[in-house]
Amino acid sequence: MSERCVVVGAGGISGAWFPPLKAEGVDIAAIVDLRLEAAVGRAKQYELDSYTTTSLRRALHKTRPDFVVDLTVPEAHCKVTCQALRAGCHVIGEKPMAASMREARRMVKAAEESGKLYMVSQSRRWDAKHETLRRTIASGEIGQVTTINCDFYLGAHFGGFRDEMESPLILDMAIHHFDLARFFTGLDPVAVYAKEFNPVGSWYKGDVAASCIFEMSNGVIFTYRGSWCAEGCHTSWNGDWRIIGDRGTLLYDHDQDPHGQVVAGTEGFNRPLRDAAIVTAEVPYTGMHGALRELLHYLRTGARPQTECHDNIKSLAMVFGAIESSRKGRRVEVKGQD
Ligand SMILES: NC(=O)c1ccc[n+]([C@@H]2O[C@H](COP(=O)([O-])OP(=O)(O)OC[C@H]3O[C@@H](n4cnc5c(N)ncnc54)[C@H](O)[C@@H]3O)[C@@H](O)[C@H]2O)c1
């Protein structure tokens, strides 16, 4: 028997969700959007006979889905997700979890009270190179992690809402990199000192660049430098990474295969080095499809997805911690659920 879902939000990113939903044989019972024409347009494009409406309440009542896919804008995530959870549905939603920590905590509480699952699709986790980096670190090849650096520099001329946001880089993009730092190392945030700024000549209204120093668990330091207003010599969208352990270093940049060096002797000013042994991983279902597979696996076996809300709120807390630190001009503690 196939699972039944309601998709809420038929905008840009929904184009990345309908193909995997169809491929997995999910019954897309309804498509909801405040703009009815968007919902109808997606149904037509993907040859679906789904019920289309502007009302989530009506869609839930009429179709009684197993889960809701929340693809609305961040400001609507809390309302849509809480409504779906209270109606007895599991929810898989787009990043970022919410537009504030207060809303995110309300969503975690709604999941607990309903006894239903709420997971965030943090799509960059489902990627073979990212899984390779995670497994290589977990294998102990570079020893105990001490230092994480990520640089992200692009000259991105979007036009539209990002040009008007107060913190476009940190709120809209850095959530991916902050979450990847946690994914690669298994470490959680403790505190942050951050400075957001808007470079001279910027075509953005808000602070589109930032330097952040996170204190992570185990005393590890994660330094993040980024800008969407940096012309030339771009990094990858995934960021360029250096992860240092007490026995060696791994590099992952320009989307090339992760590689590195580890110590191979005990003598010399610079100790002799050898290439790091990389634990190569395959990820058959990437991006949103990977997230969806974890949700379906949960429905069939009860195995909790890695980006379940109690975990993902820690990545969101890094975002709001960095913004708070920059506004206050001082180090702040990063707190997730409480
Ligand atoms: N994982 C990724 O790489 C990635 C990439 C792009 C966007 N996203 C995320 O996906 C989400 C949606 O982004 P988008 O680019 O599709 O935005 P969009 O503006 O193109 O689409 C959002 C849609 O939601 C609808 N909507 C808004 N509030 C609603 C509500 N309360 N009920 C029903 N419909 C509502 C809008 O009418 C619109 O059609 C955002 O959270 C964004 O950050 C993720």
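**Notes on the predicted model**

1. Of the 21 residues around the ligand, those that come nearest are Gly12, Ile13, Asp33, Arg35 and Lys95, where a residue counts as near if one of its heavy atoms lies within 4 Å of the molecule. This is a predicted model, in which local features need pLDDT of at least 70 and side-chain atom pairs count only at pLDDT 80 or more, while totals for chains, interfaces and linings use all residues. Residues are numbered from 1 along each chain as its sequence is written, and side-chain values use heavy atoms, with hydrogens and water left out.

2. The largest pocket holds about 1,200 Å³ of space, a volume being the space filled by probe spheres set on grid points that are joined across faces, edges and corners. A pocket here is an open set of points on a 1 Å grid over the protein atoms alone, where a 1.4 Å probe fits, with protein on both sides within 12 Å along at least five of seven lines; lining residues have an atom within 4 Å of a point.

3. The lining of the largest pocket comprises 42 residues, with Leu71, Thr72, Val73, Pro74 and His77 nearest its centre. Helices H3 (56-63), H4 (74-86) and H7 (168-185) are the elements that give two or more residues to this lining (DSSP runs of H or I, at least four residues, for helices, and of E, at least two, for strands, numbered from the N terminus). H4 gives the most, with seven residues.

4. The second largest pocket has about 180 Å³ of space, and its lining includes Arg125, Trp126, Glu131 and Arg135. Helix H6 (128-138) and helix H8 (287-301) each supply at least two lining residues, with H8 giving the most, at three residues.

5. Two backbone details deserve a look. The peptide bond from Lys95 to Pro96 is cis, with omega near -15°, and Pro96 lies in the loop between strand S5 (90-94) and helix H5 (101-114). Cys233, a residue other than glycine, has a positive phi near 50°, and is found in the loop between strand S10 (221-227) and strand S11 (240-245).
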